[in-house]
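Visitor: Please show me the model, and then let us discuss how its chains meet.

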Number of protein chains: 2
Amino acid sequence: MKNKRELFIGNVGIGGTHRVSIQSMTSTNTCDWEATLKQIHALEKEGCEIIRIAVPSNDALFSFAKIVKESPLPVVADIHFDASLALGSIDAGADAIRINPGNIGSKEKVKEILKAASNRHIPIRIGVNSGSIEKKYLSADLSMAEKMTASVLDKIKFFEENNFFDIKISLKSSNVTETVSAYRLMNDACDYPLHLGVTEAGTFFSGSIKSAIGIGSLLIDGIGNTIRVSLTDNPVEEIKVAKEILKVTGMRNEGIELISCPTCSRTSVDLIPMVKEAEKLLAALHPNKKITAAIMGCEVNGPGEAKEADIGLAFSQKHGFIFKKGIMIEKVEPSHAINRLVELIGQM
Amino acid sequence: MKNKRELFIGNVGIGGTHRVSIQSMTSTNTCDWEATLKQIHALEKEGCEIIRIAVPSNDALFSFAKIVKESPLPVVADIHFDASLALGSIDAGADAIRINPGNIGSKEKVKEILKAASNRHIPIRIGVNSGSIEKKYLSADLSMAEKMTASVLDKIKFFEENNFFDIKISLKSSNVTETVSAYRLMNDACDYPLHLGVTEAGTFFSGSIKSAIGIGSLLIDGIGNTIRVSLTDNPVEEIKVAKEILKVTGMRNEGIELISCPTCSRTSVDLIPMVKEAEKLLAALHPNKKITAAIMGCEVNGPGEAKEADIGLAFSQKHGFIFKKGIMIEKVEPSHAINRLVELIGQM
């Protein structure tokens with residue numbers, strides 16, 4: 001993993017040796033500060049660590065100031081087009097701001113924003129999307145990933161020339177291959193922390209898969225410092241997907257990873273409802289370490305996988321066998337097997 | 001992309017210049033040939049191209065012979081432990097067999113299988129899972145990915161020494177990072193086509209995410225020739241996830257990719273139900289080319305993304321605007337916008 005600079009959004013560290021954090025964005029009308037705070041609380045409860053809020057107008061800015069004071073999570077103001085809204089958000093107490101310097105107005109305006117953010121010691125995310133490439137690169141003979149990267153590097157240079165280094169980068173495309181290529185290029189090109197996401201990923205089903213591929217393939221190569229899954233759905237769903245991505249890529253050292261086989265002709269127990277039941281019961285447990293639990297339907301890969309897991313349950317034709325750290329510890333009847341497994345995990 | 005040898009399972013080409021194919025495995029009791037054929041037909045209807053069936057007993061083998069004759073899809077026999085079942089499946093007309101040579105008995109037995117497969121010109125998948133590593137590598141000072149790769153290379157060598165080259169490889173682990181590492185090593189180490197999958201991936205939700213990361217991150221780097229998503233659920237669900245993975249990684253040149261934004265305070269229309277409605281209506285269309293359709297809630301990334309897509313719909317405060325190949329072609333009322341978009345896509 002490449003070492004990245006460290007920055008803080010409120011009390012959440014990003015880059016350096018900090019773990020990969022989860023963020024989302026409110027979908028409420030920012031002017032409705034009660035609804036927005038309610039959504040932030042729901043997101044926090046699900047595991048969101050940083051919240052971004054669009055500030056598209058002066059009315060929204062007025063409400064934003066109230067939200068920032070009450071929010072249980074550090075708040076990032078999302079600003080487009082209007083530098084005065086960026087300055088207003090910084091004054092209002094934003095823990096960070098996100099701008100696309102290409103659409104915020106003149107260089108002088110950007111300088112004013114950098115100065116204001118510097119004075120309050122808050123970071124800025126430079127966010128470029130494939131839909132908002134610098135004009136001079138649009139017709140260049142470069143791949144989309146190279147165009148996005150070049151656009152961001154230009155902006156970084158300008159920030160650095162103005163002594164601003166508290167920078168986080170995102171380069172999102174709705175094309176997952178382009179997104180991954182752009183982040184790989186950027187990871188090599190600078191040591192600023194990276195905010196990962198696939199933009200406009202789509203509905204819960206297709207957006208989860210697209211985000212999992214885009215974000216997950218970067219994380220397994222050690223690229224990325226904070227993530228946002230983007231879905232056209234309730235943002236609480238984004239957090240569920242984000243947590244799952246961090247879990248299966250080994251980025252979090254707590255929680256239960258449930259491994260289970262797809263069942264086949266060799267399976268003599270009715271495994272699908274058993275695994276669903278286990279998933280439901282295990283969701284109530286919140287271990288502060290990582291536990292891998294396997295539920296396997298037959299004797300082919302069953303014992304092997306069950307042994308490799310911290311705790312495992314494998315079925316033969318008639319019985320269940322529970323393994324712990326590679327050793328068979330109990331023979332159980334299939335009808336009691338799931339409850340017993342969950343009980344043992346609860347004791348771990 | 002690394003060039004791989006070409007082989008055929010029935011009429012489906014794998015490796016060479018063939019497109020990445022989708023496979024699944026029946027979860028019915030193979031002895032119940034009617035239920036198994038019913039499941040195969042359901043899988044074919046969803047888009048499955050190759051079907052694998054476990055043959056764990058002589059009774060199953062008897063039924064397997066009937067299934068092979070009736071199956072609309074090429075059939076792979078999945079064999080463990082018993083070489084005579086492998087020979088029987090080959091005789092019964094299997095289009096390919098999958099064995100783990102480490103559990104099938106002596107080298108002489110493997111040779112018999114190679115000879116029988118050779119005579120019928122059918123390929124063999126060598127499938128090694130992290131739970132079934134060769135004993136001699138188990139305690140070696142190697143990563144799990146290296147152990148899996150070394151195990152397979154041993155087996156390949158033996159096959160080659162016996163003049164058998166019609167080989168397909170899989171190296172599955174329930175750990176997605178290990179899986180990706182193993183396939184990357186294997187992709188460099190040989191030119192046999194690769195069957196991608198994350199084994200025992202889990203339930204629909206977590207299994208989809210795990211499979212998307214494992215399979216997707218390999219596909220975007222040009223690794224992989226056929227895929228199987230493994231879920232503890234109805235195998236038809238596996239095909240839906242597999243198709244989505246191939247679509248978003250650009251492996252298929254047909255179908256509609258729906259891009260939509262996560263909505264935020266800037267969105268003034270109720271976008272989530274509109275996008276869900278569009279997803280539902282678009283599922284009925286089966287274009288024989290790839291169409292990217294964008295539905296965007298606001299003026300920030302909206303027009304940019306909508307222009308990049310083949311067809312796009314972006315909303316301002318009061319109106320919808322339809323773009324085709326980058327040019328705004330229609331202004332629509334939000335209430336009619338989705339129907340009009342779907343209508344226009346239907347005409348493409």
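Visitor: How many salt bridges does the rule find across the interface of chain B and chain A?

Guide: In this predicted model, where local features need pLDDT of at least 70, side-chain atom pairs count only at pLDDT 80 or more, while totals for chains, interfaces and linings use all residues, the rule finds eight salt bridges across that interface. Residues are numbered from 1 along each chain as its sequence is written, chains are lettered from A and ligands numbered from 1 in the order in which they are written, and side-chain values use heavy atoms, with hydrogens and water left out.

Visitor: Why is the pair Lys276(A) and Asp233(B) called a salt bridge?

Guide: The term requires a side-chain nitrogen of Lys or Arg within 4 Å of a carboxyl oxygen of Asp or Glu. The closest N and O atoms of Lys276(A) and Asp233(B) are 3.9 Å apart, so the pair qualifies.

Visitor: Which residues make up the contact, and what area do the chains bury?

Guide: With contact meaning heavy atoms within 4.5 Å, chain B and chain A each contribute 71 residues. Together they bury about 5800 Å², 58% of it on carbon and sulfur atoms; this is the accessible area (1.4 Å probe) that two parts lose on being put together, summed over both.
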